[in-house]
Amino acid sequence: MIEVKFYKEVDDSLLKFAVILARTQEKWVFCKHRERDTFEIPGGHREVGEDILTTAKRELYEETGAVDFDIEKICVYSVVRDGKWEEESFGMLYFAEIRTFERELHSEIEKIILTDGKVDRWTYPEIQPKLMEKYRETKGEV
């Protein structure tokens with residue numbers, strides 16, 4: 001079992017990754033990893049010495065090719081697996097509106113897709129839909 005929790009803030013040192021809900025031209029942007037047959041929200045792990053916003057911008061570029069975008073913090077979230085709170089992992093959830101993409105991707109991502117937000121095969125089905133739901137709740141979208 002996986003539990004997803006949301007926070008306004010946590011100590012910066014706890015933030016291990018950034019996930020970026022992204023849209024372009026009123027469509028959601030999802031990634032397909034080269035080694036998986038599923039789709040995911042752009043994001044990844046924080047590198048040593050990197051601030052979390054820099055992580056988000058870097059991952060958005062690497063995984064989608066986005067070069068011109070606005071990005072904003074939504075909230076902190078955490079994932080707890082099998083009720084093991086001592087292993088709770090924290091990330092920052094962002095939203096980005098992308099204006100321009102590079103043609104070539106620079107990562108393990110095979111391709112991106114643009115959709116109305118419905119994805120049949122999530123890479124992390126117990127986590128990613130909850131992140132989209134939280135964004136929509138925060139922004140008052142249905």
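**Entry 1: the loop between E2 and E3**

I looked up Gln25 and found it in the loop between E2 and E3, where helices (H or I, at least four residues) and strands (E, at least two) are DSSP runs numbered from the N terminus. This is a predicted model, in which local features need pLDDT of at least 70 and side-chain atom pairs count only at pLDDT 80 or more, while totals for chains, interfaces and linings use all residues. Residues are numbered from 1 along each chain as its sequence is written, and side-chain values use heavy atoms, with hydrogens and water left out.

I noted that phi of Gln25 is near 50°, a positive value in a residue other than glycine. Most residues other than glycine have a negative phi. Glu26 lies in the loop between E2 and E3, and I recorded for Glu26 a positive phi of about 65° although it is not a glycine.

Glu26 is exposed, with a relative accessible area of 75%.

**Entry 2: strand E2 and its partners**

I then followed the strands on either side of this turn: E2 and E3 form a hairpin with 2 residues between them. E2 and E3 pair in the antiparallel sense over 3 bridges; two strands pair if DSSP finds at least two bridges between them. Within this pairing, Ala22 has Val29 of E3 as its bridge partner.

Which way do E2 and E7 run? They run parallel and are joined by 8 bridges. With E5, E2 pairs in the antiparallel sense over 3 bridges, and I found Ala18 opposite Gly44 in E5. I also checked how covered E2 is: 9 of its 10 residues are buried.

**Entry 3: the nonpolar cores**

In soluble globular proteins, nonpolar side chains tend to be buried together. Which of the 21 residues in this core touch the most other members? They are Leu21, Phe30, Tyr77 and Leu93. The elements that give two or more residues to this core are strand E1 (2-7), E2, E3, E6, E7 and helix H2 (128-139). E6 gives the most, with 4 residues.

I listed the contacts (heavy atoms within 4.5 Å) of Tyr77, leaving aside its neighbours within four places in sequence; they include Val4, Phe6, Phe17, Val19, Leu93 and Leu131.

**Entry 4: helix H1**

The 13 residues should span 18 Å, and the end C-alpha atoms are 18 Å apart, which agrees. At the start of H1, I found a side-chain oxygen of Asp51 within 3.1 Å of the backbone nitrogen of Leu53. Just after H1, Gly65 has a positive phi of about 80°.

The buried residues of H1 are Ile52, Thr55, Ala56, Arg58, Glu59, Leu60, Glu63 and Thr64. I recorded that they pack against several strands, including E2 (15-24), E6 (66-81) and E7 (89-101).

**Entry 5: helix H2**

I repeated the check for H2, whose 12 residues reach 17 Å from first C-alpha to last, close to the 16 Å expected at 1.5 Å a residue. Which residues of H2 are buried? They are Gln128, Leu131, Met132 and Tyr135. They lie on the same side of H2, because they cover an arc of only 100° around the axis; the arc is that of the directions from the helix axis to the C-beta atoms. The face turned away from this buried side carries the exposed residues Glu133 and Glu137. Among the elements that cover the buried residues of H2 are E1, E3 and E6. Just after H2, I noted a positive phi of about 70° at Gly140.

**Entry 6: Ile113**

Lastly, I looked up Ile113, found in strand E8. Ile113 counts as partly exposed because its relative accessibility is 22%. Leaving aside neighbours within four places in sequence, I found Ile113 in contact with Trp28, Val29, Phe30 and Phe39. Ile113 and Lys27 are 86 residues apart in sequence and 9.2 Å apart in space, C-alpha to C-alpha.

Note on methods:
The expected span of a helix is 1.5 Å times one less than its number of residues. Buried means under 20% relative accessible area, exposed over 50%, partly exposed in between (1.4 Å probe, protein chains only). A polar contact is a pair of N or O atoms within 3.5 Å; within protein, one must be able to donate a hydrogen and the other to accept it, and residues adjacent in sequence count only if both atoms are side-chain atoms. A nonpolar core is a set of buried Ala, Val, Leu, Ile, Met, Phe, Trp, Tyr and Cys residues joined through side-chain atoms within 4.5 Å.
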